[in-house]
Amino acid sequence: MGYGMSRLEDEYSEHEGQSSDGLSSAQMNNEFSKLHNDIFHMTHLRSGPSESIRKSIGINKHAVSVTRLLRGREVNSSGTGKFFSVDRAFILGHYLPVDGPEIVDRMNSRAYVSQFSADGSLFVAGFQVYASLAPIIHIVNVGTASKESYANVTDIHDGLDFSQHEDVRYSFGLFSVKFSTDGRELVAGSNDDSIYVYDLQADKLTLRLPAHTSDVNTVAFADETGNLIYSGSDDNLCKVWDRRCLSTGEPAGVLTGHLHGITHIDSRGDGRCFISNGKDQAIKMWDIRKMTSNADGSENRVPAWDYTNSRYPQQYKQQKHPHDQSLATYRGHSVLRTLIRCYFSPTYSTGQKYIYTGSYDASICIYDVVSGSQVAKLHKGHELAVRDCSWHPFDPMLVSSSWDGRIAKWSRTCSEQDTCELD
């Protein structure tokens with residue numbers, strides 16, 4: 001389930017400098033040092049600096065500074081008079097959005113979701129006064145950055161009914177909804193254990209797929225083709241679905257590793273790699289090339305517990321799934337009572353070298369993808385659980401939304417010495 005009531009707000013805390021399973025940062029880094037997956041190698045390459053910059057100025061990666069990169073641009077190392085994208089990501093990736101917070105807005109209601117638009121010109125947040133559990137999705141024109149929308153006054157909310165399918169026998173609620181890259185389709189996960197796909201152009205439901213043995217809390221398209229769909233469920237499994245071969249109703253593959261239900265999935269956008277947040281207080285990174293044809297989610301898992309009404313049992317923190325297929329695990333945040341979300345940092349400004357997530361302890365955590373270390377934990381902006389957060393696609397800015405009703409902005413202002421034109 002994706003919601004609940006309890007008295008946990010004043011009870012939850014973790015010791016600074018230690019992850020939620022008792023591992024120190026050093027122990028975690030030792031685990032990551034053994035990994036040699038090409039996804040980690042690609043992350044290094046994407047986050048710069050470029051080989052040509054290093055050769056032109058005769059230094060290694062750890063000695064690169066903004067000044068030296070500017071020097072490389074002046075001698076036209078890229079051949080275009082501009083930075084390579086990896087050099088830009090290398091520079092901006094050093095300016096984490098950790099300054100603040102500035103309270104942007106506050107409502108007398110819990111904030112559940114929030115996102116920047118793809119171009120960064122708009123930020124949209126959804127609160128409990130608007131959101132509900134139902135099989136109907138409402139779409140409304142929110143205008144543009146230059147034109148304000150009066151959505152609740154003049155715009156018509158188009159209701160898309162996901163229950164209009166011959167296999168549906170009872171009402172259900174949708175926990176997760178995502179657009180395809182081209183904006184033509186929606187994929188949704190529901191509490192009737194199913195995945196749904198809605199064709200917006202044809203204005204009809206095109207697929208209902210019984211996918212898991214419990215609530216499907218999260219879904220995502222794998223890449224811009226829309227052929228692959230990732231799903232995560234309270235049955236503890238992540239599954240990969242290939243829409244080109246669904247005649248058997250079976251997934252293309254299954255990934256095991258979480259000890260408890262999955263709350264959110266974010267794709268890296270390459271059709272191979274994604275991350276998932278779990279009720280076992282961990283984010284896991286996956287490579288679908290390691291998936292198997294089937295798996296038993298109940299095999300060797302720890303006993304069930306009610307994440308809506310209790311803290312994570314201490315004895316579970318040391319346990320690991322005996323058939324863990326994940327590439328890496330990131331710990332230090334808390335996932336309680338609600339479906340807390342996690343994401344890769346933007347490609348443009350960081351080369352996706354970070355993972356960030358909200359947390360039940362009213363903070364936002366940022367992890368280094370390759371080392372696994374927690375590079376920042378943002379406090380003091382909220383008083384209750386941070387369910388969602390969004391990193392601006394181009395600028396060093398992050399906005400968080402919380403159950404305390406606050407929308408908080410975190411940023412990083414470069415000094416005059418470091419300011420430069422990166423395009």
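Let me start with a salt bridge between Arg 272 and Asp 38, where the closest N and O atoms are 3.0 Å apart. This is a predicted model, so every value I give is computed from it. The two partners are 234 residues apart and come from distant parts of the chain. Asp 38 is in helix 2, which covers residues 38-46. Arg 272 sits in the loop between strand 14, residues 262-267, and strand 15, residues 273-278. How accessible is Arg 272? Its relative accessibility is 27%, so Arg 272 counts as partly exposed. Asp 38 has 32% and is partly exposed as well.

Which strands make it up, and in what order? There are four, in the order 14-15-16-17; the sheet is open and the pairing is antiparallel. Strand 14 and strand 17, the latter at residues 328-330, are the edges. Each has a single partner strand, so one side of each has no neighbour in the sheet. From one strand to the next the twist averages 20°.

Sheet strands pair through backbone hydrogen bonds, and the arrangement is either parallel or antiparallel. Here, strand 14 and strand 15 run antiparallel and are joined by five bridges.

Gln 281 is not a glycine, yet its phi is positive, about 65°. Is Gln 281 buried or exposed? Its relative accessible area is 1%, so Gln 281 is buried, the cut-off being under 20%.

Gln 352 also has a positive phi without being a glycine, with a value near 55°. Gln 352 lies in the loop between helix 6, residues 347-350, and strand 19. With 7% relative accessibility, Gln 352 counts as buried.

One more backbone feature. Where is there a cis peptide bond? Gly 100 and Pro 101 are joined by one, with omega at about 10°. Pro 101 is part of strand 1, residues 99-106.

Back to salt bridges, with two further examples. Glu 185 and Arg 243 meet through their side chains at 2.8 Å, N to O. They are 58 residues apart and again link distant parts of the chain. Glu 185 belongs to strand 7, residues 185-190. Arg 243 is in the loop between strand 12, residues 238-242, and strand 13, residues 253-255. At 15% relative accessibility Glu 185 counts as buried, whereas Arg 243, at 26%, counts as partly exposed.

The other example is Lys 377 with Asp 361, at 3.1 Å from N to O. Lys 377 lies in strand 21, residues 374-378. Asp 361 lies in the loop between strand 19, residues 354-358, and strand 20, residues 364-368, so the pair ties together parts that are 16 residues apart in sequence. Lys 377 is buried, at 18% relative accessible area.

Next, a histidine. His 212 is in the loop between strand 9, residues 204-210, and strand 10, residues 216-221. Its relative accessibility is 8%, so His 212 counts as buried. Which side chain makes a polar contact with that of His 212? The side chain of Ser 231 does, at 2.8 Å. Apart from neighbours within four places in sequence, the residues in contact with His 212 include Asp 193, Gly 232, Asp 235 and Lys 239.

Finally, confidence. The mean pLDDT of the chain is 84, and 79% of the residues reach 70 or more. Which stretches fall below 50? Residues 1-27 stay under 50, with 63 contacts in the model beyond four places in sequence. Residues 415-423 are also below 50, and that stretch has 14 contacts beyond near neighbours in sequence.

Key
Residues numbered from 1 in each chain as written. Predicted model: local features only at pLDDT ≥ 70, side-chain atom pairs only at ≥ 80, totals over all residues. Heavy atoms only, no water. pLDDT = per-residue confidence, 0-100. Contact = heavy atoms within 4.5 Å. Salt bridge = Lys/Arg side-chain N within 4 Å of Asp/Glu carboxyl O. Helix = DSSP H or I, 4+ residues; strand = E, 2+ residues; numbered from the N terminus. Buried < 20%, exposed > 50% of the residue type's maximum accessible area, 1.4 Å probe, protein only. Pairing = 2+ DSSP bridges. Axes fitted to C-alpha atoms, helices over the stretch in contact; angles between N-to-C directions. Polar contact = N/O pair within 3.5 Å; in protein donor to acceptor, adjacent residues only side chain to side chain.
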